[in-house]
Amino acid sequence: MLIAPSLLAADFGHLADEVERLNNSPADYLHLDVMDGVFVPNISFGFPVMEAIARAARKPLDVHLMVVQPEKYTQRVAQLGARIMNVHQEACIHLHRVVGGIRQAGMLAAVTLNPATPLATIEDVLDDIDIVMLMSVNPGFGGQSFINHTIEKVARLKEMILRSGSGARIEVDGGVNRQNAHSLAQAGADILVAGSSVFRADDPVKEIQALKDVQQ
Ligand code: DX5
Ligand code: ZN
């Protein structure tokens with residue numbers, strides 16, 4: 001299982017230390033949550049902060065853009081050196097063009113679906129993307145409870161991917177913890193994002209390892 005701790009739950013007063021802690025952990029990615037106050041009802045951080053994080057990080061960055069018109073920022077996300085650029089299906093009128101642009105800029109293209117968005121909305125771009133991320137909370141805030149329906153949705157997505165022959169990976173974001181990680185793994189999840197369960201644990205590094213050890 002690949003684990004992407006979300007820095008949204010980290011101590012922003014000591015960001016460099018938090019990034020360094022993750023550098024020395026078994027985390028596979030650093031998940032960065034960008035919120036614009038329009039697509040979601042909250043504002044988090046933007047490029048100046050991400051540039052500082054990118055300088056300190058030795059893990060690949062997974063940039064989750066909860067913003068309208070995310071395609072405006074493809075070049076800047078690429079300049080950060082991000083490995084994954086994650087855009088919301090609901091934010092992209094011309095999704096096919098947007099994911100093409102992300103790949104052209106040398107990044108893995110990830111498309112995220114809100115809990116209420118049907119899988120059918122990405123069926124026709126499955127061959128053009130590297131990752132489908134399912135939100136297991138309504139985006140905008142860390143620390144919310146996991147929506148159980150996501151487990152069944154992951155299983156249906158896995159079937160859809162196998163049927164299509166696409167190599168897309170499945171990522172899940174929101175309320176992920178030791179309790180639901182096993183069911184998510186069994187349903188077919190490849191990458192788990194975890195914010196509060198990691199950063200509120202007594203030992204965040206141990207918590208990342210526990211999530212990594214979940215069997216598929
Ligand atoms: C929600 C964000 C998530 C969030 C995860 O809008 O996209 O990445 O930070 O945090 P937890 O694990 O606390 O739900
Ligand atoms: Zn996220």
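Visitor: What volume does the largest pocket have?
Guide: The model is predicted, and its largest pocket is the space taken by ligand 1. A total of 26 residues line this pocket. The volume of the largest pocket is about 310 Å³.

Visitor: Which elements give two or more residues to the lining of the largest pocket?
Guide: The lining residues nearest the centre of the pocket are F141, G142, G143, G174 and G175. Two or more residues of the lining come from each of β2, β3, β8 and α7 (196–199).

Visitor: How do the residues of the lining of the largest pocket divide into nonpolar, polar and charged?
Guide: The lining of the largest pocket consists of 26 residues. They divide into 11 nonpolar, 12 polar and three charged.

Visitor: Which element supplies the largest share of the shell around ligand 1?
Guide: At least two residues of the shell come from each of β2 (30–35), β3 (61–66) and β8 (191–194). With three residues, the largest share belongs to β2.

Visitor: Which residues come nearest to ligand 1?
Guide: Around ligand 1 there are 20 residues. By class, this shell holds eight nonpolar, 10 polar and two charged residues. Those that come nearest are G140, G143, D173, G195 and S196.

Visitor: At what distance from an oxygen atom of ligand 1 is a polar backbone atom of G175?
Guide: A polar contact requires N or O atoms within 3.5 Å. The side chain of S6 has an N or O atom 3.2 Å from a ligand oxygen, and a polar side-chain atom of H31 lies 3.4 Å from a ligand oxygen. For the backbone atom of G175, the distance is 2.8 Å.

Visitor: What percentage of the accessible area of ligand 1 does the protein cover?
Guide: On its own, ligand 1 has 380 Å² of accessible area.

Terms used: Residues numbered from 1 in each chain as written. Chains lettered and ligands numbered in written order. Predicted model: local features only at pLDDT ≥ 70, side-chain atom pairs only at ≥ 80, totals over all residues. Heavy atoms only, no water. Near = heavy atom within 4 Å. Polar contact = N/O pair within 3.5 Å; in protein donor to acceptor, adjacent residues only side chain to side chain. Areas by Shrake-Rupley, 256 points an atom, 1.4 Å probe, with all protein chains shown as cover. 1 Å grid on protein atoms, 1.4 Å probe; cavity = no way out; pocket = protein on both sides within 12 Å on 5 of 7 lines; lining within 4 Å. Sits in = over half its atoms within 2 Å of the grid points. Helix = DSSP H or I, 4+ residues; strand = E, 2+ residues; numbered from the N terminus. Nonpolar A, V, L, I, M, F, W, Y, C, P; charged D, E, K, R; others polar. Points joined across faces, edges and corners; volume = space filled by probe spheres on them.
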